[in-house]
Amino acid sequence: MALPALSSPEFITEIPSTKVKIKFRPFLVREEKILYMALEGGDATEIQNATIKVLNECILTPNVNVSDLATFDVEHLFLQLRGKSVGENVDVILRHQDSDCKETVNVSINLDDIKVTGEITDGKIMLTDDIGIKMKYPRAGDINKLQVQEGMNIFHSIAYLVDFIYDKETVYNDYSVEEIAEWLEQLNQKQFQLITDFMNNMPKLSHEVEWTCNVCGEKEKIVLEGLQSFFT
């Protein structure tokens, strides 16, 4: 005998980088298990992969590949998913940043208050009057490539974020990572700073929390950034 089919509610949210609206459903018990196993393991790569897997399962809008989305898009979508699946409030443990007092406090944060902060730009940077570079935000599926590994340098890591190079007449997009890395090494300090400024100012999940210690009475203000800050 066939068992009765269970239905799930549907919700709509917006992808921050594209402003495209998508549908999603809450995660199910089997998907929650995937997340908990990854969190218990504590490995950043496993947590990232589990997050991508669960989001791909729960997003109902066709042709949305979570691996192709910017990392801050994924963080935003997961907060939306978690809020509709478990509840809008999450408790985080906070401690003093610079104090002899070792007391910790549990603070409840409404997930709807957590936003992606920072300007979302087209990534185009003029290096000279004639030559520019188009940068792209790191995608969720490429996060491991951006980590500087043995045999690599910072230029290789940045090279993965180069979309193309252009001048007044030509767009240059046929190159290897090694070629771009070598090209980046030829920039002067001012030109390279423009690129690092783009990377340092990328949009991110961020929320400022104020709290008062119950023991010493000291008031603290802390900015939580990144998905894991809200689930530790």
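What follows is a short exchange on a predicted model.

Biologist: Which ground rules apply to this predicted model?
Modeller: Residues are numbered from 1 along each chain as its sequence is written, and side-chain values use heavy atoms, without hydrogens or water. In this predicted model local features need pLDDT of at least 70, totals for chains, interfaces and linings use all residues, and side-chain atom pairs count only at pLDDT 80 or more.

Biologist: How many helices and strands does the protein chain have?
Modeller: Both are DSSP runs, numbered from the N terminus: helices are H or I with at least four residues, strands are E with at least two. On that basis the secondary structure of the protein chain comes to 6 helices and 11 strands.

Biologist: What share of the protein chain's residues counts as buried?
Modeller: The C-alpha atoms fill a box of roughly 65 × 60 × 35 Å along the principal axes. Buried means under 20% relative accessible area, exposed over 50%, and partly exposed in between, using a 1.4 Å probe and protein chains only. Of the 232 residues, the buried share is 39%.

Biologist: What share of the contacts with a separation of 6 or more joins residues 24 or more positions apart?
Modeller: Contact means heavy atoms within 4.5 Å. Of the protein chain's contacts with a separation of 6 or more, residues 24 or more positions apart account for 58%.

Biologist: At what angle do the axes of α2 and α3 cross?
Modeller: Two packed helices are described by the angle and the distance between their axes. Axes here are lines fitted to C-alpha atoms, for helices over the stretch in contact, with angles from 0 to 180 degrees between N-to-C directions. Helix α2 spans residues 44–58 and helix α3 residues 71–85; their axes come within 11 Å. The crossing angle is roughly 65 degrees.

Biologist: Is the crossing of α2 and α3 left-handed or right-handed?
Modeller: A crossing is left-handed if the near helix is turned anticlockwise from the far one by less than a right angle, and right-handed if clockwise. The passage of α2 by α3 is left-handed.

Biologist: Which residues of α3 meet α2?
Modeller: From α2 come Thr51, Val54, Leu55 and Cys58. Their partners in α3 are Val74, Leu77, Phe78 and Leu81.

Biologist: Is Val74 buried or exposed?
Modeller: Val74 sits in helix α3. Beyond four places in sequence, Val74 is in contact with Thr51, Leu55, Val66, Leu69 and Ala140. The C-alpha atoms of Val74 and Ala140 are 7.0 Å apart, across 66 residues of chain. Because its relative accessibility is 5%, Val74 counts as buried.

Biologist: Which element gives the largest share of the lining of the second largest pocket?
Modeller: A pocket is an open set of points on a 1 Å grid over the protein atoms alone, where a 1.4 Å probe fits, with protein on both sides within 12 Å along at least five of seven lines; lining residues have an atom within 4 Å of a point. The lining includes Thr71, Phe72, Glu75, Lys204 and Glu225. Elements giving two or more residues to it are α3, α6 (189–200) and β10 (204–212). The largest share, 3 residues, comes from α3.

Biologist: How far apart are the C-alpha atoms of Lys204 and Phe72?
Modeller: Lys204 lies in strand β10. Lys204 touches Phe72, Lys115, Val116, Thr117 and Glu225, leaving out residues up to four places away. Along the chain Lys204 and Phe72 are 132 residues apart, yet their C-alpha atoms are separated by 5.4 Å.

Biologist: Is Phe164 buried or exposed?
Modeller: Phe164 is placed in strand β8, residues 162–166. Among its contacts beyond four places in sequence are Lys124, Ile133, Tyr172 and Tyr175. With 19% relative accessibility, Phe164 counts as buried.

Biologist: What relative accessibility does Tyr172 have?
Modeller: Tyr172 is found in strand β9, residues 171–172. Tyr172 touches Phe164, Ile165, Tyr166 and Asp167, not counting residues up to four places away. Tyr172 counts as partly exposed because its relative accessibility is 42%.

Biologist: Where does Asn63 lie?
Modeller: Most residues other than glycine have a negative phi. Asn63 is not a glycine, yet its phi is positive, about 65 degrees. Asn63 is exposed, with a relative accessible area of 83%. Its place is the loop between α2 and α3.
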